Amino acid sequence: MFFHIVLERNMQLHPRHFGRNLREHIISKLMKDVEGTCSGRHGFVVAITSVENIGKGLIRDGTGFVTFPVKYQCVVFRPFKGEILEAVVSMVNKMGFFAEAGPVQIFVSNHLIPDDMEFQSGDMPNYTTSDGSVKIQKDSEVRLKIIGTRVDATEIDKNISQSRPKWDPAGSHPSRFFCIGTIKDDFLGVINDPTTI
Amino acid sequence: MSSIEPFNRLVKLVARAFYDDITTKGDNQPKSGRSDNRGIAVVVLDALTRRQWVREEDLAKDLKLHSKQLRRTLRFLEEEKLVARDHRKETAKGAKIYSAAVAATADGQPFAKEGEEKIKLHTHSYCSLDYAQIYDVVRYRIHRMRKKLKDELECKNTVQEYICPNCQRRYNALDALRLVSLEDDSFHCENCNGELVAESDKLAAQEGGDGDDNARRRRREKLKDLLQKLEVHLKPLMEQINRVKDLDVPEFGTLQAWEARASAAGRAANGDSSSNDPNKSSQGYGGTPMPFLGDTKVEVAFSGAEGKQVDVKSETDSTPQKVLPPWMIKQGMNLTKEQRGEVKQESKMDGSSATGGLSDDKKSTVEDDKTSLQDEYIRAYYAALLKKQQELDEAAKNQQESSNTPISDGLSGASSNRQVGMKSKREEVEGDDDVDWEEAPVAGTTSESFKVHDLNVEAEASAEDEDDIDWEEGFLELQSRVILGGGLLFAMGLTGCVLLLQTRHE
């Protein structure tokens with residue numbers, strides 16, 4: 001699900017950026033740092049829409065770096081249990097298939113695939129109904145329901161540290177949501193077959 | 001106990017449905033034919049349906065079980081939330097109360113415990129069925145069973161689990177990303193790189209189901225069958241639950257409550273008839289130590305209330321001339337409150353007679369909370385206010401009625417005497433109050449009351465300055481007047497309310 005929320009972050013800026021373009025520098029650095037990151041609490045930061053307020057900078061002893069508290073609005077994407085998503089299949093194997101919805105990886109195990117679909121191995125592994133009318137293979141688009149989510153432990157750490165002022169730049173670990181989904185329900189399954197286009 | 005029957009039936013059904021093959025032995029112990037005690041839970045539960053609270057020793061004796069074995073079973077049943085237990089240290093006397101209670105319930109259990117006496121303190125355990133909880137627990141249990149089967153059947157919302165056949169390490173679908181390997185399309189163990197197999201559901205695990213179609217279908221069949229069987233077998237139980245649904249749940253309460261109630265009932269029965277009962281009841285009374293603690297508390301409260309009522313009566317007796325129908329209710333309120341105030345006052349008077357003065361008041365109030373202190377403060381405030389108003393009233397009355405003058409004189413005398421003789425003054429004050437409450441409504445024409453209000457505002461200001469002093473001197477009389485404060489609210493009207501609120505806020 002997408003949300004438009006206000007987040008806050010302390011930006012450290014090198015003294016060489018001080019000058020007329022200070023604000024632009026802060027904003028561009030913010031975008032570079034934040035967009036595409038993920039936290040367990042808010043999910044993926046898709047895009048920064050506006051900067052609400054840049055607070056007073058604080059010069060850090062010893063380094064000369066200045067820390068600015070920045071409030072910004074952004075669009076975040078967070079998967080929830082029970083949510084219906086549309087995703088692109090990225091890999092098919094006998095255990096099930098993996099799909100991606102933007103930054104989110106989803107695994108659909110074979111027991112959550114309708115019983116009438118069978119795994120066909122080969123050059124292009126796929127799940128096919130007995131009459132061959134529906135086929136799930138790489139690059140198929142499927143609609144699925146999320147039945148479980150997981151965030152990496154490093155993400156939770158980062159999450160905690162984000163709640164209090166943090167004086168170092170964005171965490172170096174790119175965080176990931178991982179979900180498991182099902183297509184064994186009404187109105188779920190393939191919505192667009194790449195071969196028929 | 002007509003409503004208990006369906007519940008007992010429910011318990012029996014539950015016992016046979018769910019606890020039929022429960023052994024209290026650990027699983028690691030080998031089950032020889034002799035130590036096989038399956039079904040013991042059923043026996044115990046059945047026995048409990050015929051009793052209320054029962055001492056575990058007695059139950060063991062009745063069931064011809066070893067008490068250890070019984071205790072183990074009961075502990076299990078307690079964990080299953082079917083049985084409520086209570087443990088307490090008691091002397092033989094305490095045990096006798098229980099026996100008396102048992103005798104009083106007279107539900108067909110012949111307990112002849114009167115003779116047995118032990119002097120030492122022993123920890124006795126008691127148990128009884130907790131019907132309300134049983135009902136809930138059973139419903140929940142059935143719900144869980146159904147849900148699990150249905151989920152398995154529809155493979156809904158279940159996170160697939162994988163297991164490594166080599167090292168028995170388990171994974172679930174959320175780990176899938178880490179488990180995929182590049183060389184082939186199956187999952188591999190992080191530990192030993194063995195190929196993982198899907199743990200098809202827990203119920204049909206033996207098939208080793210690696211998810212091929214045949215196994216899946218078979219599993220479904222099996223599940224469906226299982227679910228159907230469940231429905232059939234639990235049908236009588238479900239029916240009983242539905243029957244019981246709208247009935248009142250029999251409630252024994254805690255052991256203490258039950259004992260108290262049972263022995264009370266027994267005593268009540270004894271009052272009517274029976275020759276040998278009195279000694280039983282007297283025993284019940286004599287051996288009060290533990291179970292009757294709660295009861296005695298209650299009695300204390302009662303006695304307090306009674307005392308108050310008596311006092312009130314005496315008060316009304318002493319002042320029989322006040323029979324003014326329109327103000328009856330007000331007066332009644334007044335009196336009781338007054339009475340309460342007086343009681344407090346007397347307790348404080350005792351203290352003040354020893355040392356006297358403010359310190360005593362404080363000493364007594366220290367025990368109370370700060371809030372009570374604040375209350376006192378407010379009361380004192382009111383007393384001061386009231387005094388002002390009374391004086392005003394008196395003044396007004398003096399103008400109107402010459403007959404009142406002696407009384408008002410008395411009042412002024414009292415107010416001037418304040419610091420000197422507290423007791424005497426208090427009495428006077430009381431007299432004044434009475435008079436005041438007789439007269440005030442009579443004299444209360446609107447114009448006057450307005451005047452009073454205005455002056456009250458002034459009085460407030462002055463009273464705030466004098467608070468401390470008022471607190472000291474007004475303290476004793478104030479109790480008797482607090483009440484007047486209540487009544488005063490009516491008389492004072494809105495300004496009074498505002499005042500009160502202000503003082504509260506402060």
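My entries follow, chain by chain and then residue by residue.

**Entry 1: what kind of model**

I am working from a predicted model, so I keep to local features with pLDDT of at least 70.

**Entry 2: the two chains**

I started with chain A, which has 197 residues, 42% of them buried. Its secondary structure comes to 2 helices and 14 strands. I also looked at contacts in chain A with a sequence separation of 6 or more: residues 24 or more positions apart make up 67% of them.

Chain B next. I count 20 helices and 6 strands there. The chain runs to 506 residues, and 41% of those are buried. For chain B, 75% of the contacts with a separation of 6 or more join residues 24 or more positions apart.

**Entry 3: where the chains meet**

The rule finds 2 salt bridges between chain B and chain A. One that I looked up is A:Lys94 with B:Glu195, where the closest N and O atoms sit 3.3 Å apart.

**Entry 4: strand E6 of chain A and its partners**

I picked strand E6 of chain A, residues 84–93, and followed its pairings. On strand E12 (residues 141–151) I find 5 bridges, with E6 and E12 running antiparallel. As an example in that pair, A:Ala87 has A:Val142 of E12 as its bridge partner.

E6 also pairs with strand E7 (residues 96–101) of chain A, again antiparallel and again through 5 bridges. Here I noted A:Val88 opposite A:Glu100 of E7. What lies between E6 and E7 of chain A? I see 2 residues there, and the two strands form a hairpin.

A reminder to myself while looking at side chains: in a regular strand they alternate between the two faces of the sheet.

**Entry 5: a three-stranded sheet in chain A**

Further along chain A I traced an open sheet of 3 strands, in the order E9-E10-E11, with antiparallel pairing. Its edge strands are E9 (117–120) and E11 (135–136), each pairing on one side only. Strand E10 covers residues 126–129 and is joined to E11 by 2 bridges. In that pairing, the partner of A:Thr128 is A:Lys135 in E11.

**Entry 6: a buried isoleucine in chain B**

Is B:Ile241 buried or exposed? I get 3% relative accessibility for B:Ile241, so this residue counts as buried; the cut-off is under 20%. B:Ile241 lies in helix H9 of chain B, residues 235–245.

Next I asked which residues B:Ile241 touches, leaving out those up to four places away in sequence. My list reads B:Leu10, B:Tyr135, B:Val138, B:Arg139 and B:Ile142. I checked the B:Leu10 contact separately: 231 residues lie along the sequence from one to the other, yet their C-alpha atoms are 6.9 Å apart.

A:Asp139 has a positive phi of about 75° although it is not a glycine. I found A:Asp139 in the loop between E11 and E12 of chain A. Its relative accessibility is 43%, so A:Asp139 counts as partly exposed, falling between the cut-offs of 20% and 50%.

The other is B:Lys81, a residue other than glycine with a positive phi, near 65°. Where is B:Lys81 found? I place B:Lys81 in the loop between helix H4 (67–79) and strand E2 (83–90) of chain B. With a relative accessible area of 44%, B:Lys81 is partly exposed.

Definitions and conventions:
Residues are numbered from 1 along each chain as its sequence is written. Chains are lettered from A and ligands numbered from 1 in the order in which they are written. This is a predicted model: local features need pLDDT of at least 70, side-chain atom pairs count only at pLDDT 80 or more; totals for chains, interfaces and linings use all residues. Side-chain values use heavy atoms; hydrogens and water are left out. A salt bridge is a side-chain nitrogen of Lys or Arg within 4 Å of a carboxyl oxygen of Asp or Glu. Two strands pair if DSSP finds at least two bridges between them. Helices (H or I, at least four residues) and strands (E, at least two) are DSSP runs, numbered from the N terminus. Buried means under 20% relative accessible area, exposed over 50%, partly exposed in between (1.4 Å probe, protein chains only). Contact means heavy atoms within 4.5 Å.
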